[in-house]
Amino acid sequence: MTWGPAVFGGGSFVDGAGSVDVVDKPSAVEFMREALVKISEEDIGTVTELLARKRNDLAPFLTDDALASGNAEVVRPILARMFAVRRRSDELLVTVGAPSLAAAIRDLLHGPGRLETRFHAFDQALAKVEAPVRRDLAGECLHFLDPERHWLWSRWMWDPDTMTGSLPLVMVEDFDFSGADAGAVYLRVGAATSSVIATARELGFQRMGSSPFAVDVYLAAIYGIYLYTVTRLRMTQEFNRVIPQLPDLVRRLLGVRHLDAVGTG
C-alpha cells in the first residue's frame, strides 16, 4: 500500500496528495516566516541533504535480506541513527531481543498486507516498549526505506497522549488525528503531512517539491518555534539560553546532528 490513490484520492507522498482545505494557511505561513528568521534557506537545504545521506546510510540495513539475518549487527546500526532510540539501543535489544526486533522491522517494511495493518502489528510486537518510542522507530524505518511512499510519525509531529506536536499547529482545529489503532493513526498523520506539502506548494514554498525530506525539516522547524514559545513563557531567560538554536535543534530532532563525525544524529 502506498501513499497514493488508495488513501488520499490520487498522487503520492512527494506529490502532496492531501487536501489544502484542512491546513490552517495563516498559521502555516506565520510559522514558516518565524522559522526563516531563525534558520536560513541554505541551512534548510543542508539538513535536507543530510537526511538524504541518512537514508543512504540506513539502506543496507533495511533490506529484506539484511533483516532476515536477525542479528544485532543489523539492528544496532538502525537504532544508532534514530534520535528517539539511539541512546536506548542496548535497552531495546535486551527488552525485545535482536531476532524479534529484526523480524518486526522486516515484517513492517517488507511483509504482506496493508500498510496500516503492518504498522499495527509492529506496534503490538514491541508492546513492552513505550508507545512513543516504538512508533518513532516504525515511522523512521518506513520513511527512510522509501521517503516518497512513507512519512515520518515522530512524537514531536503528533503525540496522541498530550495532543501536541507540529502538525496540529498548522491544521484546522477540527482535523481528526484519531484512529482505532496505531496503524490507523499513522495514516492520519500521513494525510496531515500530505496536506501540508500541498498547501506549501500552493503558497509558493518551492523547496517543498525538491525533496521528500523537505517537509520533515519544515515540521521540525515549526516544533522548534513552538518549543521556544512555550519555554519562554514558562522558564527563565537564563534557562532559555540552554535550548539549542533552531538549526541545531532541527538536526537533533531529525537525527542528523554530527552525521559527519559519528554517523548518527
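Val74 sits in helix α5; helices here are DSSP runs of H or I with at least four residues, strands are runs of E with at least two, and both are numbered from the N terminus. At 10% relative accessibility, Val74 counts as buried. Buried means under 20% relative accessible area, exposed means over 50%, and partly exposed lies in between (1.4 Å probe, protein chains only). This is a predicted model, where local features need pLDDT of at least 70 and side-chain atom pairs count only at pLDDT 80 or more, while totals for chains, interfaces and linings use all residues. Residues are numbered from 1 along each chain as its sequence is written, and side-chain values use heavy atoms, with hydrogens and water left out.

**The whole protein**

- The protein has 15 helices and 0 strands.
- Of its 265 residues, 52% count as buried.
- Contact means heavy atoms within 4.5 Å.
- Take the contacts between residues at least 6 apart in sequence: 65% of them join residues at least 24 apart.

- Leaving aside neighbours within four places in sequence, Val74 is in contact with Phe61, Ala66, Leu67 and Ser69.
- Val74 and Pro60 are 14 residues apart along the chain, and their C-alpha atoms are separated by 8.8 Å.
- Leu79 also lies in helix α5.
- Is Leu79 buried or exposed? Leu79 is buried, with a relative accessible area of 0%.
- Beyond the neighbours within four places in sequence, Leu79 is in contact with Val85, Arg86, Ser89, Leu92, Leu93, Leu101 and Leu137.

- Two packed helices are described by the angle between their axes and the distance between the axes.
- Axes are lines fitted to C-alpha atoms, for helices over the stretch in contact, and angles run from 0 to 180 degrees between N-to-C directions.
- The axes of α5 (residues 72-80) and α6 (residues 89-96) come within 10 Å and cross at roughly 135°.
- That makes α5 oblique to α6. Angles under 35 degrees count as roughly parallel, over 145 as roughly antiparallel, 65 to 115 as roughly perpendicular, and the rest as oblique.
- The crossing of α5 and α6 is right-handed. A crossing is right-handed if the near helix is turned clockwise from the far one by less than a right angle, and left-handed if anticlockwise.
- On the α5 side, Val75, Arg76, Leu79 and Ala80 take part; on the α6 side, Ser89, Asp90, Leu92 and Leu93.
- These residues divide into 5 nonpolar, 1 polar and 2 charged. Ala, Val, Leu, Ile, Met, Phe, Trp, Tyr, Cys and Pro count as nonpolar, Asp, Glu, Lys and Arg as charged, and the others, Gly among them, as polar.

**Leu92 in helix α6**

- Leu92 is found in helix α6.
- Leu92 counts as buried, at 4% relative accessibility.
- Not counting residues up to four places away in sequence, Leu92 touches Leu79, Val85, Gly97 and Val129.
- Leu92 and Val133 are 41 residues apart in sequence, and 9.9 Å apart in space, C-alpha to C-alpha.

**Two partners of helix α9**

- The axes of α8 (residues 115-125) and α9 come within 10 Å and cross at roughly 140°.
- That makes α8 oblique to α9. Their crossing is right-handed.
- From α8, the contact uses Leu115, Arg118, Phe119, Phe122 and Asp123; from α9, Arg134, Arg135, Leu137, Ala138, Gly139 and Leu142.
- By class, the contact of α8 with α9 has 6 nonpolar, 1 polar and 4 charged residues.
- How do α3 and α9 cross? Their axes come within 9 Å and cross at roughly 95°.
- That makes α3 roughly perpendicular to α9.
- Leu51, Lys54, Arg55 and Leu58 in α3 meet Glu140, Phe144 and Leu145 in α9.
- The contact of α3 with α9 has 4 nonpolar, no polar and 3 charged residues.

**Helix α3 itself**

- Helix α3 (residues 41-58) has 18 residues and reaches 26 Å from its first C-alpha to its last.
- That is close to the 26 Å expected at 1.5 Å a residue; the expected span is 1.5 Å times one less than the number of residues.
- The buried residues of α3 include Ile44, Val47, Leu51 and Leu58.

**Met163 in a loop**

- Met163 is in the loop between α9 (131-145) and α10 (166-170).
- Met163 has a positive phi of about 60°, although it is not a glycine.
- Met163 is exposed, with a relative accessible area of 55%.
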